[in-house]
Amino acid sequence: MKNMNFDIYSMSLMQIQRFLTVSELMNFTSAARKLGVEQPVISKTIASLEQALHLILFVREKGKVKLTPAGKYLSDQLRGIFPVIEKSVEMAHVLQLGVMGELSVGIHNFYDLRYYFLPIVNDFRQCYQQIKLYTKCFSFPGLRRRILSGSLDVAFTSRFESDDIKTHESDEFCVSELVQFPLSVVMLDTNPLAKKDIIDVPDLRFQQFIIHSPTKVPAYHNLIEDMCIKYDFVPSEYEYIEDATSFALSLSDNNQIYVVDRAARMEPGMPLKSYELAGTVSGVSLIWKKNSTNSAVKLFVSKCMEYFQEHPDPWAENR
């Protein structure tokens, strides 16, 4: 490298990041906004990089930014650097944890584990064999309590729970929304509504709701009330249940329904029919305690984000 008239060793990761951001957005101002710096800082960085490498990376034509052939080639080659560095740092953390590293992951006891929980957990165990991963099931309030007490490191929960956490307990929890989908309504297949092809929330006006007790899962109770009030009716609450596993077992008449996430499991062998409710929003979120000192939490969150980027709708994939 001594005979070269350019200095590749003066390139920093920050310079590369800024160069790649400009090459992605093709706009210096937009790149500066995305990176949280002033536009002149980006211009100065690119100029410094071009000077060090003796390359012209961008040209301006009629007010627009365009990569030169040299700039495009360099952008294509460098774009894979950051994932490699990030993965290397993650693995360094894993090695630092050593065989004593542990992670406790929770999920609601009514969720169907096949479509995302088990694939993510199994992939994590394979990738990070130095970390002992434990899995546990609890109710929604149980997940919250155990995250705060430290007996759980991270947990999958429903969107309505994570929304409530962001509103009332944002100082205690970190929240990552993994996937979004509509709520589902479930009924006996003998319910007259089960003859319809599509069911909307107004169709539930004269149905009897089987619902979580407001003292046990207030966020769910508020969700159902708000959903119905939006369409000018108050839900007729037939029965309060203590635990979500009682939903299906409590259906005893043809005008009874319950509303759950798509992620909830359907009881096998029961004559049930399920519909997605248009105009509603739910999903699966990940929660963990703010200022957690367990390095494995970040690795697990990253694995979850990676999974849902590759499988944006795992339920549809498995139908």
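**Entry 1**

I began with Lys-166, which is partly exposed at 39% relative accessibility. For my own notes, buried means under 20% relative accessible area, exposed means over 50%, and partly exposed is in between (1.4 Å probe, protein chains only). I am working with a predicted model, where local features need pLDDT of at least 70 and side-chain atom pairs count only at pLDDT 80 or more, while totals for chains, interfaces and linings use all residues. Residues are numbered from 1 along each chain as its sequence is written, and side-chain values use heavy atoms, with hydrogens and water left out.

Which residue does Lys-166 form a salt bridge with? I found Asp-163, with the closest N and O atoms 3.8 Å apart. A salt bridge here is a side-chain nitrogen of Lys or Arg within 4 Å of a carboxyl oxygen of Asp or Glu. Both residues sit in helix 8, three residues apart, which is about one turn of the helix. Helices (H or I, at least four residues) and strands (E, at least two) are DSSP runs, numbered from the N terminus. Asp-163 is partly exposed too, at 31% relative accessibility.

**Entry 1: The rest of the salt bridges**

I counted next, and the structure holds 16 salt bridges. Side chains of opposite charge can pair when their charged atoms come close.

I then looked up Arg-144 and Asp-164, whose side chains form a salt bridge at 2.6 Å, N to O. This pair links distant parts of the chain: Arg-144 is in helix 7 (residues 140-149) and Asp-164 is in helix 8 (residues 159-168), 20 residues apart. Are these two buried or exposed? Arg-144 is buried, at 13% relative accessible area, and Asp-164 is buried as well, at 18%.

I also noted a salt bridge between Glu-267 and Arg-265, at 3.8 Å from N to O. Arg-265 is partly exposed, with a relative accessible area of 27%.

**Entry 2: Glu-161 and the helix 8 side**

Glu-161 belongs to helix 8 and is buried, at 3% relative accessibility. Setting aside neighbours within four places in sequence, I see Glu-161 in contact with Phe-140, Arg-144, Val-217 and Ala-219. Contact means heavy atoms within 4.5 Å.

Helix 8 packs against helix 9 (residues 218-229) at about 105°, with the axes 9 Å apart. That makes the two helices roughly perpendicular. On the helix 8 side, Phe-160, Glu-161 and Asp-164 make the contact, and on the helix 9 side Ala-219, Tyr-220 and Leu-223 do. Axes are lines fitted to C-alpha atoms, for helices over the stretch in contact, and angles run from 0 to 180 degrees between N-to-C directions. Angles under 35 degrees count as roughly parallel, over 145 as roughly antiparallel, 65 to 115 as roughly perpendicular and the rest as oblique.

**Entry 3: Rings**

I moved to the aromatic residues and found 17 aromatic pairs. Rings of Phe, Tyr and Trp (its six-membered ring) pair if their centres lie within 6.5 Å; planes under 30 degrees apart are stacked, over 60 edge-to-face and the rest tilted.

Phe-117 and Phe-156 have ring centres 5.5 Å apart and planes at 80°, so I logged the pair as edge-to-face. Phe-117 is in helix 6 (residues 117-127) and Phe-156 in strand 5 (residues 154-158), so the pair ties together parts 39 residues apart in sequence. Phe-117 is buried at 3%, and Phe-156 is buried at 0%.

Phe-181 and Trp-315 are edge-to-face because their planes are at 75°, with ring centres 5.1 Å apart. Phe-181 is in strand 6 (residues 173-181) and Trp-315 in helix 12 (residues 314-317), so this pair ties together parts 134 residues apart in sequence. Phe-181 is buried, with a relative accessible area of 4%, and Trp-315 is buried at 4%.

I then found one aromatic cluster whose members include Phe-117, Phe-156, Phe-181 and Trp-315, with Tyr-116 and Phe-300 also among them.

**Entry 4: Leu-272**

Not counting residues up to four places away in sequence, Leu-272 touches several residues, including Val-186, Leu-188, Tyr-258 and Glu-267.
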